[in-house]
Amino acid sequence: MPSRPNRLPWLTAVVVASLLLSGVAPVPAARADHTDPPVQVVIPGTIQSALGCSGDWMPACANTALTYDAAADLWWGRFDLPAGEYEYKAALNGAWDENYGLGAQPGGANIPLVLAAAQTVTFIYDHKTHWVMDSVGWVLATVAGSFQSELGCAEDWQPACLIGWMQDADGDGVYSFSTTALPAGDYEAKIAINQSWDESYGAANGDNLPFTVASAGKEIYFGYNAETHTVIISDQGAPHGDLGKAQAQWLAPDTIAWKLDPPADGATFALYFAPEGGLALEPGQITGGEALPVALTFAGSVPSSLAKLNPQLTSYSALQLADADLARVPDLLKGQVAVVELNAEGKVIDATSVQIPFVLDALYPYTGPLGVTYAGAVPTVRVWAPTARNVSLLLYADSTTATAVTVPMTWDAATGVWTAAGAADWTGQFYLFSVEVYVPSTGAVETNLVTDPYSFSLSTNSLRSQLVNLADPSLMPAGWDALSKPALAAPEDGVIYELHIRDFSVSDATVPAAERGTYLAFTAADSAGMRHLRALAAAGLTTIHLLPAFDIASVEEDKSTWQNVDEAALAVLPPDSDKQQAAVAAIRDSDPFNWGYDPFHYTTPEGAYSTDPDGSARILEFRQMVQALNQAGLRVVMD
């Protein structure tokens, strides 16, 4: 269960008792970053009843107390746990007054622990950083080498010595340890996993990594990337900044906003650009790719004209490109970009990636049509993709044919729009866009096959878009052009009834079986549901408010795959049984129930509500639903 906030002070004792009984760790008010060293650290949580405590969430139970390692200045413990799903925190001094959860946060969220099989789990807490971790959810990494005796370990090359324990409190997968305690000299090191040499990492060929401490007291940084298993040892200190986070905003072609402290004497700024991606932050430098620096000028605060449009950035500093570089901006936006601050010696002291939506809007304003539009019987397809290097239209004869006709699209440098002019025989065919673009999540240029975000029609499960003309008579029910909306004198006169399309009829035996849970159920004029809606309209109801009916991302549209609970079997169970919930939970990823609050294509009706999700039947049937409701005296609005 998630942690809960504190209640009023006079309720504290009652709340703590209640939370302990309900199995939820209580959360006190946040404490200061630095508190006195604890005399006891316990791991309370749902592990405790499995380890001999009389219950769970007991901050004073000695069975889950950690042992203090004076040499490493850490608290740690090792416990044998059965398979299961657990949660825990670190509580200090036998009470909840001071506790730490996920991400080293005081009073933070419970930390999840999932064990597929019984195993021994190591827990560690560092009071200097308040980070608490386990050896399952994180990597238990230590720096070991020829220097460990200098740090206080019993001897060198001891992977179990926790003095070199590496932490990843921010959860980015990079574990680090820094020290200023080494005398001048030459050393070697490796990273050991789980306090053993069974798994270790050093140079690419497995050799030890040599490093030099130029002078006593020099800070040495050890970094280990748990995904790539690369190791960095640097005397330039820890890498500052994070290219995995985009903390700067490119607001206008000449202005980038970044929240900065006043720059130090001699500091400079630059925009680094790698056309194919590959920028990497290492101690003191940016590496990888074809790094092309563009000089930036520190210009104080964000200009008032931009701050007015973006008031959340008023505390940010402004960095400005030179006029001579502005012509390069469209090309820069098609690759990886990062802003960096460099000290007087040219070493990187801070860096971040850049968010670009604002500058894209500034460079490529466009209010014209997108998606598929028609001039008579001839379609044109447009997509706004200003960061793409190339876009092609892949045209398929139907929803399943693997072979496509590739149609080049034309780029308009003024609007950022790619266009393909079609032919009348395109109508009814399916299509995708092939987009060559730099992708921040992969750090590389990729070619992605994607649907049209402005689709009006889709294949089953939204795998392909379909070219349709909404003015085509075959997509209109009889009388659609002459349909009149029920009168409403003023918006405030509306009386609204919220309704879920599937729930409205899925259990209504008066609706034909094939139409239950679909748009067409509303066309069954004599069904129990429609008789009820007409009665409500006669009593003063004016409007049906449909829960989201746009294409839903998480609903399987192939009805043959759906699983449903056995309602007759559930009906005989006692009301206080937990078997109903268990039955629903067992199929929740395969049943058709969904309220629709994860729309995928906002301009396409959901296919699961149609009798045929593969193509344009959903359009006609959606219109038939609206028509039937209007004819019943009810207006229709959408969530």
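**Questions on a predicted model**

Reader: Is E557 buried or exposed?
Author: The cut-off for a buried residue is under 20% relative accessible area. E557 has 1% relative accessibility. Because 1% falls under that cut-off, E557 counts as buried.

Reader: Where does H229 lie, and what is its relative accessible area?
Author: H229 lies in the loop between β15 (220-225) and β16 (231-234). Its phi is near 65°, a positive value in a residue other than glycine. H229 is partly exposed, with a relative accessible area of 31%.

Reader: Is D325 buried or exposed?
Author: D325 sits in the loop between β23 (317-321) and α4 (329-332). Leaving out residues up to four places away in sequence, D325 touches V294 and A295. Its relative accessible area is 17%. Because the cut-off is under 20%, D325 is buried.

Reader: Which residue has the backbone oxygen that lies 2.7 Å from a polar side-chain atom of Y366?
Author: Y366 lies in the loop between α5 (357-363) and β26 (371-375). Y366 is partly exposed, with a relative accessible area of 27%. The backbone oxygen at 2.7 Å from a polar atom of its side chain belongs to P369.

Reader: What separates the C-alpha atoms of Y366 and V417?
Author: Beyond its neighbours within four places in sequence, Y366 is in contact with R382, W384, T415 and V417. Y366 and V417 are 51 residues apart along the chain. Their C-alpha atoms are separated by 8.3 Å.

Reader: How many residues are in the largest nonpolar core?
Author: The members that touch the most other members are F123, Y125, F147, M166, F211, F222 and Y224. One of these, F211, touches F147, L182, I220, F222 and I233, among others beyond four places in sequence. The core as a whole has 53 residues.

Reader: What share of the residues in the protein chain is buried?
Author: The secondary structure of the chain comes to 10 helices and 40 strands. Its C-alpha atoms fill a box of roughly 90 × 75 × 50 Å along the principal axes. Of the 639 residues in the chain, the buried share is 44%.

Reader: How far apart do the centres of the positive and negative side chains lie?
Author: The protein chain has 28 positive and 71 negative side chains. The centres of the two sets lie apart by 8 Å.

Note on methods:
Residues numbered from 1 in each chain as written. Predicted model: local features only at pLDDT ≥ 70, side-chain atom pairs only at ≥ 80, totals over all residues. Heavy atoms only, no water. Core = buried A, V, L, I, M, F, W, Y, C linked by side-chain atoms within 4.5 Å. Buried < 20%, exposed > 50% of the residue type's maximum accessible area, 1.4 Å probe, protein only. Contact = heavy atoms within 4.5 Å. Helix = DSSP H or I, 4+ residues; strand = E, 2+ residues; numbered from the N terminus. Lys, Arg positive; Asp, Glu negative; His and termini not counted. Charge placed at Lys NZ, Arg CZ, Asp CG, Glu CD. Polar contact = N/O pair within 3.5 Å; in protein donor to acceptor, adjacent residues only side chain to side chain.
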